[in-house]
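Please look at the sequence and the model together before reading on. The report then goes through a few of its parts in turn.

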Amino acid sequence: MLYGYLIENFKPNEPIFTADIDIDMVGNSLRPKLKELCDSGKLCRYEAGVYYLPGKMKLKGLTPISASAVARSRYVNHRGKVRGYYSGYTFANQIGLSLQVPYVQEIVTNEASAKVREIDIKGQKFIIRKPKAEVTEENVYTLQFLDFLSDIDKYLDGSSINILDKLEKLIKDEKITKELIDTYICLYPTRVYKNLYETGVVYAIAQG
């Protein structure tokens, strides 16, 4: 019954958190049932509370899911539901405004239990922060953008090449509007206003 539920509701190599398993089990029988499936090879255990269904192709000694995939599913986008976003050097690198590849990924998420904390997933470190406002599908890119503007100077590797082009593309691609900016900018320090004008991106928002 449990295996049938898992293969019907989860894809191979998709992180499965025990809290996601919504099936009636007698007493405390879920854990031993999960162990049985792992022992039989039908299910794999990544770490405590995290499992995955093995895919068809498995390379010996290699785990088909990563700490980054688990963090993304738990904190950023959980089965299609927005929970947070990448920030700091992680985001700066993603949009091409920093050449520095961060060893520790930074994530802002509704799932954070403290203002900021460091967590470990299979030996990989992540910095997890609470958002200024609850992250939703509507505001996720606006909050991410304003977070980035808060400390933009430290992410630019001393170069100003293509800053405006990159930010204008972000605004256009993610449909960041003046209305959304006006709604949330009050939650941020005044230097965000300054950085909006100094980068010139404020004019792109006004035209969007």
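## Confidence in the model

This structure is a predicted model, and the protein averages a pLDDT of 90, with 91% of the residues scoring at least 70. Where pLDDT is low, the predicted coordinates should not be read in detail.

## Helices α1 and α2

Helix α1 (residues 2-9) packs against helix α2 (residues 30-40) at an angle of about 75 degrees, and their axes lie 10 Å apart. Because angles from 65 to 115 degrees count as roughly perpendicular, α1 is described as roughly perpendicular to α2.

On the α1 side the contact is made by L2, Y3 and L6, and these residues meet L30, K33, L34 and L37 of α2. Sorted by class, the contact holds six nonpolar residues, no polar residues and one charged residue.

## Helices α5 and α8

Helix α5 (residues 140-150) and helix α8 (residues 191-199) pack at about 90 degrees, with 8 Å between their axes, and they are therefore roughly perpendicular to each other. From α5 the residues F145, L146, L149 and S150 take part, while α8 contributes R191, V192, N195 and L196. By class, this contact of α5 with α8 has five nonpolar, two polar and one charged residues.

How many of the 11 residues of α5 are buried? The count is 10 of the 11, so α5 is largely enclosed by the rest of the structure. Among the buried residues of α5 are F145, L146, L149 and S150, which are also the residues of α5 that make the contact with α8. Buried residues of α5 also include V140, T142 and D147.

## A sheet of three strands

Three strands form an open sheet in the order β1-β3-β2, and their pairing is antiparallel. The strands β1 (16-17) and β2 (44-47) stand at the edges and have a single partner strand each, so one side of each is left without a neighbour in the sheet. Strands of a sheet pair through backbone hydrogen bonds, either parallel or antiparallel.

The pairing of β1 with strand β3 (residues 50-52) is antiparallel and runs over two bridges. Within this part of the sheet, I16 stands opposite Y51 of β3.

Leaving aside residues up to four places away in sequence, S73 touches P15, F17, H78 and R83.

N13 lies in the loop between α1 and β1, and its phi is near 65 degrees, a positive value in a residue other than glycine. The relative accessible area of N13 is 26%, and N13 is partly exposed.

K122, in the loop between β8 (116-121) and β9 (124-129), also has a positive phi, near 55 degrees, and is likewise a residue other than glycine. At 52% relative accessibility K122 counts as exposed, because the cut-off for exposed is over 50%.

Technical notes: Residues numbered from 1 in each chain as written. Predicted model: local features only at pLDDT ≥ 70, side-chain atom pairs only at ≥ 80, totals over all residues. Heavy atoms only, no water. Axes fitted to C-alpha atoms, helices over the stretch in contact; angles between N-to-C directions. Helix = DSSP H or I, 4+ residues; strand = E, 2+ residues; numbered from the N terminus. Parallel < 35°, antiparallel > 145°, perpendicular 65-115°, else oblique. Contact = heavy atoms within 4.5 Å. Nonpolar A, V, L, I, M, F, W, Y, C, P; charged D, E, K, R; others polar. Pairing = 2+ DSSP bridges. pLDDT = per-residue confidence, 0-100. Buried < 20%, exposed > 50% of the residue type's maximum accessible area, 1.4 Å probe, protein only.
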